[in-house]
Structures are given as structure tokens and as C-alpha cells.
Amino acid sequence: MDSETSEYERIVSETVVFVKAQMDQAEGSHDFYHVDRVRKSALNIAKLEGLSGKDLLVVELGALMHDIEDYKYSGSETKCAEVVTAHLKALCVDEAIITDVVNVVSNVSFRKELGGASYESHALFCVQDADRLDAIGAIGVARCFAYGGSQKRALYDPLNAPINKDVALSKEEYTKSETPSVNHFYEKLLKLKDMLKTESGKKLAQKRHEFMESFLDEFFNEWEGKC
């Protein structure tokens, strides 16, 4: 094992320990298992997209720490970047890598993109697509209702029907939304397939998107007692 590989593994292993501690009390939709799935998916996409070397380290670290001090829980726009920067500096990570990782975690979210985020990089796109893939498909359905339950939201309310998925919400409207869990599919989840940035991610998204559509058809049929 060469020194560069050894250093990569040291940084990643210490970051895993750090993130597990940070997310020890996280609810099931945004826990360490979510982070680890995003990490594996992001690395898979990155390799399919031809990334290598330090770019893979940025992808892995960005994926591992993308939900640290998440805005929806912390209410802070800057806390994630501050915590990530402090952690990586303590590990003596190269300043250029720290900057790239902070840019990834600061721009990965759907909410940030609604606000017109301008930063772009191959590493960001790999982490962003992986995070969005984990929000759709079977796991995405499970996570949607897990989060809704943690916030004491209704499954569905016919008197508060979902918007058409083609209606674009502003960043402010999305942030303030407290609608039932099923509405979240139309506010966000059904939009994600067409927001992916990498060709590899787009291919992976199709099956997951179709699963969600089938799930919703079944959900509404069962709600009306039709099956």
C-alpha cells in the first residue's frame, strides 16, 4: 500500500467514525445508513463517470458529510460547512480538497438548487445524484413516510390534495411546506429523475421513478377502496 492510498484510507476511516457520532441520534430517514448508501452510490457513479484520484476522495467525503447539520434539522445555512471544515482541518487534509468538499456539502440539496445554486463540479453532481437516487424508488418511499412520521404529518389528506408535479415551488414555499407525506412525492420526489446531472445517475433513476409511480397508483386505489 503506497502512502497516498494509506492517507486516503486514514481520512475516510476517521470521517466515518466522526459522522457516526454526529448522526447517532438521527431519525431513520436521514441516519448513517442513508449516508452510507449515498456514499456507495456516489462512488459507483463517480467511477462510471471516469473520476479518479483526489476527485474520488472529494466524492466520498462529500457523501459521508452531506447531511451533517442538515438545514431541515439545524435551521442553519452555514453550520454544515463550518463543522466539515473544522473536521477536515483537524485531519490535516489538503486545503484544496477541503474547499472542494465544502462546496459539495454546501450545494448538494434540492432546497439549495431551488434557490439558484451556481456552483458546479463533477464531484458535486455524483454526490447530488446519489443523494437523489436514495430519495426515490423503494427506499425513497420508505424514507418519505419515515420522515413524515417523525414530523407527525398525515399520510394523506384529501382536503389538502397534492399539487401537480409540474408546478414549480420556490425555495421559500418548499422550505415552509408541512403538507402530508404523499404530497412530498409531487413537491419533490417525482421531479428528481429529470434533475439528475450524470448520465449514469439518469440510467439508474428510471426504474426507481417507475416504482414510485406504481406505488402511488396503488396507494390511491387502496385509499378509495378500489382494490
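Mentor: A cavity is a set of points on a 1 Å grid over the protein atoms alone where a 1.4 Å probe fits but cannot get out, and its lining residues have an atom within 4 Å of a point; its volume is the space filled by probe spheres set on points joined across faces, edges and corners. The model is predicted, so local features need pLDDT of at least 70 and side-chain atom pairs pLDDT 80 or more, whereas totals for chains, interfaces and linings use all residues. Residues are numbered from 1 along each chain as its sequence is written, and side-chain values use heavy atoms, without hydrogens or water.

The structure holds one cavity of 30 Å³ or more, and the largest cavity has a volume of about 40 Å³. Its lining consists of Cys 144, Tyr 147, Gly 148, Arg 153, Thr 179, Pro 180, Ser 181 and His 184. Helix H9 (137-150) and helix H11 (181-187) each supply at least two residues of this lining (helices are DSSP runs of H or I, at least four residues, numbered from the N terminus). H9 gives the largest share, three residues. By class, the lining of the largest cavity comprises three nonpolar, four polar and one charged residues, where Asp, Glu, Lys and Arg count as charged, Ala, Val, Leu, Ile, Met, Phe, Trp, Tyr, Cys and Pro as nonpolar, and the others, Gly among them, as polar.

The charged pairs come next. The structure holds 13 salt bridges (a side-chain nitrogen of Lys or Arg within 4 Å of a carboxyl oxygen of Asp or Glu). In one of them, the side chains of Asp 134 and Arg 37 meet at 2.8 Å, N to O. Asp 134 lies in the loop between helix H8 (122-133) and H9, and Arg 37 in helix H2 (residues 32-48), so the pair ties together parts that are 97 residues apart in sequence. Asp 134 is buried at a relative accessible area of 4%, while Arg 37, at 24%, counts as partly exposed (buried means under 20% relative accessible area, exposed over 50%, partly exposed in between, with a 1.4 Å probe and protein chains only). Asp 134 also forms a salt bridge with Arg 143, at 3.6 Å, N to O, and both Asp 134 and Arg 143 are buried.

The side chains of Arg 39 and Glu 60 meet in another salt bridge, at 3.0 Å, N to O. This pair links distant parts of the chain, with Arg 39 in helix H2 and Glu 60 in helix H3, 21 residues apart. Arg 39 is buried at 16% relative accessibility, and Glu 60 is buried at 8%. A network of salt bridges links Asp 36, Arg 39, Lys 40 and Glu 60. Leaving aside neighbours within four places in sequence, Glu 60 is in contact with Tyr 8, Val 12, Arg 39 and Leu 43 (contact means heavy atoms within 4.5 Å).

A nonpolar core is a set of buried Ala, Val, Leu, Ile, Met, Phe, Trp, Tyr and Cys residues joined through side-chain atoms within 4.5 Å. The largest such core has 64 residues, among which Val 59, Met 65 and Phe 185 touch the most other members. Helix H3 (residues 54-65) contributes the most to this core, with eight residues. Not counting residues up to four places away in sequence, Val 59 touches Ala 42, Leu 43, Ala 46, Leu 51, Ala 123, Cys 126 and Val 127.

Methods:
On a 1 Å grid over the protein atoms alone, a cavity is a set of points where a 1.4 Å probe fits but cannot get out, and a pocket is an open set with protein on both sides within 12 Å along at least five of seven lines; lining residues have an atom within 4 Å of a point.
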